[in-house]
Amino acid sequence: MTRPIGRRAMLRAIGGGACLTVACSLAWPPRKASAAPGDRLNAMISVAGDGTVTVSAPPTEMGQGVHTLLVGLVAEELEIDPADARVQAAPVAPAFENRYYGTMVTGGSTSAIAWFEPFRIAGAAARHMLVAAAAERWGIDPTGCEAAAGRIRNRTSGDILPYGVLAAAASRLQPPTEVGLKPRSAWRVLGRPMRRHEGPQKLAGSAVFGIDLQVPGMLVGTIRHSPVIGGNLRSVDPGPAVRRVPSAQVVPLEDAVAVLAPSFWEASRALEALQPDWDPGPNAGLDSAAIGASLDAALGRRGALVAEHGDAAQADAEILKRLDLRFEVPLLAHAPLEPLSATVSIGPDGVDAWAPTQSQTAARDAIAARLGVPPAAVRIHTTLAGGSFGRNLQVAHMVETALTARAAGRPVKLIWSREEDLRHDFYRPPAATAITIGLDRDGRPVSWQQRLAVPDLRRAPAEIPADPPASVDPTAVEGAAPFPYDVSHHRLTWHDAGIPVPMGWWRSVGHSYNAWFVEHAFDIAARASGRDPVALRLAMLANRPRHAAVLRADRDLWPQPPAAGRFRGTALHASFGSIVAQSVEISMQGDRPVLHRATCAIDCGMALDPDATRAQMEGGMIFGLSAALYGEITVRNGRVQQQNFDQYRLLSLRDTPEIDVTIVDSDADLGGVGEAGVPPIAPALCNAILAATGRPTFRLPIHRRNG
Amino acid sequence: MQLSVNGALHEIKSSADTPLLWVLRDELGLTGTKYGCGKGICGACTVHLEGSAIPACTVAAADVQGLAIVTIEGLVPAGQIHPVQQAWLDAGVSQCGYCQPGMIMAVAALLRANPNPTDADLANNIGVQCRCGTYPRVIRALRTMVGR
Ligand code: FES
Ligand code: FES
């Protein structure tokens with residue numbers, strides 16, 4: 001397989017040093033101009049004189065294993081041992097923009113898909129140039145050279161030259177205009193389980209997360225925002241803070257107050273002493289009931305048509321019975337285990353900002369705009385992220401840190417308390433749906449009409465939604481259409497809901513609720529007709545062979561019927577280019593489900609790192625189970641009520657079922673795996689509860705605080 | 001005030017009521033011990049006090065004077081790897097890794113007290129929260145370690 005580089009991809013080798021550096025960018029539709037620092041910084045791979053290979057990673061490593069994967073892509077083509085490569089976080093530069101978004105961002109489960117080709121091409125080009133340099137040195141044809149394990153061997157003489165020795169000479173050569181990429185059958189790294197690149201440091205406690213950053217002369221700070229969502233700071237008397245901690249510095253911000261001190265503890269104690277005067281703003285009366293009412297009101301409006309296929313009249317003629325179902329999900333917090341943090345140092349030669357950010361370009365531009373400096377003067381340094389799940393796509397806290405550092409005249413590390421993290425998230429939006437399912441005389445759904453109320457994440461939360469909306473917010477409806485099952489008529493409308501709460505992208509975004517709505521409703525319909533839900537799905541997936549294969553693969557993980565007192569539920573959902581089926585077996589203890597075993601089958605085209613794919617499925621299911629069982633952010637008097645993990649519970653080791661994952665290989669395009677494991681587990685669990693008790697779940701979480 | 005951390009005595013300047021977690025992180029620069037909740041719930045800050053696992057965020061520095069404190073940095077001498085860490089690498093346990101220092105300290109303490117724990121022992125003793133959901137691999141790695 002030879003890849004012409006020519007018009008599709010541009011390779012640059014940056015010569016003149018002892019180091020071979022290669023950059024590759026695939027051509028894609030023109031993007032916004034992005035300030036480019038020196039070419040050397042844009043290098044995706046560099047091979048140093050001592051043979052060290054450094055990979056510059058555009059995506060943020062937040063637990064999904066993307067750094068390991070990038071090393072694997074390079075190692076495969078460059079012919080090195082992955083253990084010999086180093087990874088550094090890439091700076092903001094056009095070469096590192098995610099081509100699906102035209103900006104540097106880690107999201108949408110796109111990292112593997114976006115970088116699968118560029119990093120292999122860069123690796124192959126670097127190898128090509130090292131081979132050419134060796135051939136030149138030996139005075140032979142390049143075909144007489146063989147690259148393996150970081151060295152070039154002369155096939156005739158058996159002589160060996162390590163990459164490091166060749167790097168300087170290679171850097172003076174022209175990059176190739178065409179490179180051959182290995183066929184899948186020749187892979188020795190990809191497609192096999194890889195060892196976590198940064199695994200040892202994480203276990204030794206030496207890995208540097210955002211919260212761990214140390215900059216000479218820095219102060220450590222913490223922050224409190226207006227307790228009422230959307231409120232502002234009127235004034236604050238620093239006296240009480242300084243009396244308690246004499247070294248404390250109080251920095252008032254627009255909607256928050258930050259306190260700086262030599263340590264986080266002193267800053268926290270000083271902050272607690274403050275009695276800021278807050279302007280609560282328009283949301284002082286907001287509560288969860290009002291949010292529910294807004295969803296109801298949205299469902300009652302006209303909405304926008306998202307998808308319709310089939311013939312309503314034909315379906316009507318077939319319908320014997322109709323089911324009207326209404327479901328609702330709450331606001332959710334991301335709650336990564338590492339609380340939000342950023343470190344900013346402002347110096348004469350520019351601004352340095354360190355954070356586990358998922359949005360490097362947006363962070364740079366937002367900081368530059370607020371400080372009034374050119375974007376090129378802001379350098380973003382991405383640290384490891386202690387989880388994130390979408391939380392660090394937001395950059396407001398980085399701007400706050402920059403403003404605080406400017407006010408203090410010193411470098412500042414700002415760490416949010418867990419309480420602040422839960423009370424001031426950009427939450428997963430709440431959503432409600434009304435589904436009318438028409439069943440024919442065999443109890444088979446023939447008509448599926450769904451109204452979906454979700455706030456539009458593209459507009460400011462305080463804006464009044466339009467009816468009908470001018471266009472459909474694609475993330476609000478993702479997963480509700482296309483409808484995979486064969487029906488005579490399907491119709492989906494979307495109804496923008498006005499919820500004045502900051503909201504954002506939460507691992508699997510719209511799929512997180514749409515999978516639950518559709519897949520739990522499906523089982524309710526199947527059971528209402530006395531049909532086996534999995535068999536009925538298979539019967540309605542005749543035109544979706546990949547879906548059906550995944551569902552069967554999951555079913556095959558359960559060779560025995562459930563024992564007495566045990567019940568199973570299954571759900572199927574396609575997201576981010578992957579198809580995932582999951583099942584869970586439970587027993588009931590009173591009205592509480594006890595989870596015994598869960599299974600997962602995934603078709604992601606091919607698993608580039610099967611072990612990482614499995615880990616993402618396991619982790620995604622546990623993430624989804626925490627949300628399904630306990631996840632709920634409630635609001636009273638404009639304030640978020642959950643303050644710590646005792647009120648925002650996560651699944652614990654004790655409650656985690658055994659999990660088995662199987663990977664279904666297909667020749668489909670690469671699918672994402674970071675989010676696709678989350679959506680199906682909530683409906684699978686509610687389907688199991690339905691099987692056990694006959695009771696559907698109409699609201700999540702299953703263990704609700706407020707009845 | 002003096003604290004014994006990883007086998008060495010340190011003169012501590014932080015105020016006596018400072019939680020051990022913040023003395024370790026902000027004064028001694030031992031950032032392997034993590035902050036997750038500050039309320040003794042998540043276990044990200046787990047260290048060994050006289051060999052037992054405790055959350056460092058809920059004990060005041062003054063209350064642990066004269067007691068042996070071990071953090072993830074001192075679990076084994078530099079350059080060595082603890083059997084739990086090795087088992088973790090082999091099973092590919094960590095994802096983001098943020099909870100893992102606490103998780104490893106909790107597991108190491110459990111194994112010292114009970115070298116052959118059952119799954120139930122794990123469930124009852126490992127309360128460290130992992131938002132990434134590494135629990136199935138924690139259990140798998142431990143089963144391998146104790147030869148099950
Ligand atoms: S930070 Fe100490 S238990 Fe959570
Ligand atoms: S590995 Fe991320 S919180 Fe445990």
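Mentor: A helix here is a DSSP run of H or I with at least four residues, a strand is a run of E with at least two, and both are numbered from the N terminus. The expected span of a helix is 1.5 Å times one less than its number of residues. The model is predicted, so local features need pLDDT of at least 70 and side-chain atom pairs count only at pLDDT 80 or more, while totals for chains, interfaces and linings use all residues; side-chain values use heavy atoms, without hydrogens and water. Residues are numbered from 1 along each chain as its sequence is written, with chains lettered from A and ligands numbered from 1 in the order of writing.

Take helix α16 of chain A, residues 610-629. Its 20 residues should span 28 Å, and the end C-alpha atoms are 28 Å apart, so the two values agree. Of these 20 residues, 18 are buried, so α16(A) is largely enclosed by the rest of the structure. Buried means under 20% relative accessible area, exposed means over 50%, and partly exposed is in between (1.4 Å probe, protein chains only). An α-helix has 3.6 residues a turn, so residues three or four places apart point the same way.

After α13(A) comes A:G530, with a positive phi near 70°.

A:E79 has a phi of about 65° and is not a glycine; it sits in the loop between α1 (66-78) and β6 (85-89) of chain A. Its relative accessible area is 12%, so A:E79 is buried. A:F389, also not a glycine, has a positive phi near 65° and belongs to the loop between β20 (378-382) and α10 (396-408) of chain A. At 11% relative accessibility, A:F389 is buried.

Two peptide bonds deserve a check of omega. The bond from A:A481 to A:P482 is cis, with omega near 0°, and A:P482 is in the loop between α12 (474-477) and β24 (489-496) of chain A. A:L700 and A:P701 are also joined by a cis bond, with omega about 0°; A:P701 is in the segment after α17 (681-693).

Another loop of chain A, between α4 (199-204) and β11 (219-225), holds A:L213. A:L213 is buried at 10% relative accessible area. A:S341 is 128 residues away from A:L213 in sequence, yet their C-alpha atoms are 9.5 Å apart. Leaving out residues up to four places away in sequence, A:L213 touches A:V208, A:M218, A:T343, A:W354, A:T383 and A:K413, where contact means heavy atoms within 4.5 Å.

Chain B has five helices and five strands, in the order β-β-α-β-β-β-α-α-α-α from the N terminus. Its radius of gyration is 15 Å, close to the 15 Å from the globule rule for 148 residues, so chain B is as compact as a globular protein of that length. That radius is taken over C-alpha atoms, and the rule is 2.2 Å times the number of residues to the power 0.38. Along its principal axes the C-alpha trace spans about 45 × 30 × 25 Å. Buried residues make up 56% of the 148 residues. Among contacts in chain B with a separation of 6 or more, 57% come from residues 24 or more positions apart.

Two loop residues of chain B touch chain A. B:S94, between α2 (83-91) and α3 (100-113) of chain B, is buried at 4% relative accessible area. With residues up to four places away not counted, B:S94 touches A:R196, A:K202, A:L203, B:Q100 and B:T134. B:K39 lies in the loop between α1 (20-27) and β3 (46-49) of chain B. The C-alpha atoms of B:K39 and B:T58, 19 residues apart along the chain, are separated by 6.4 Å.
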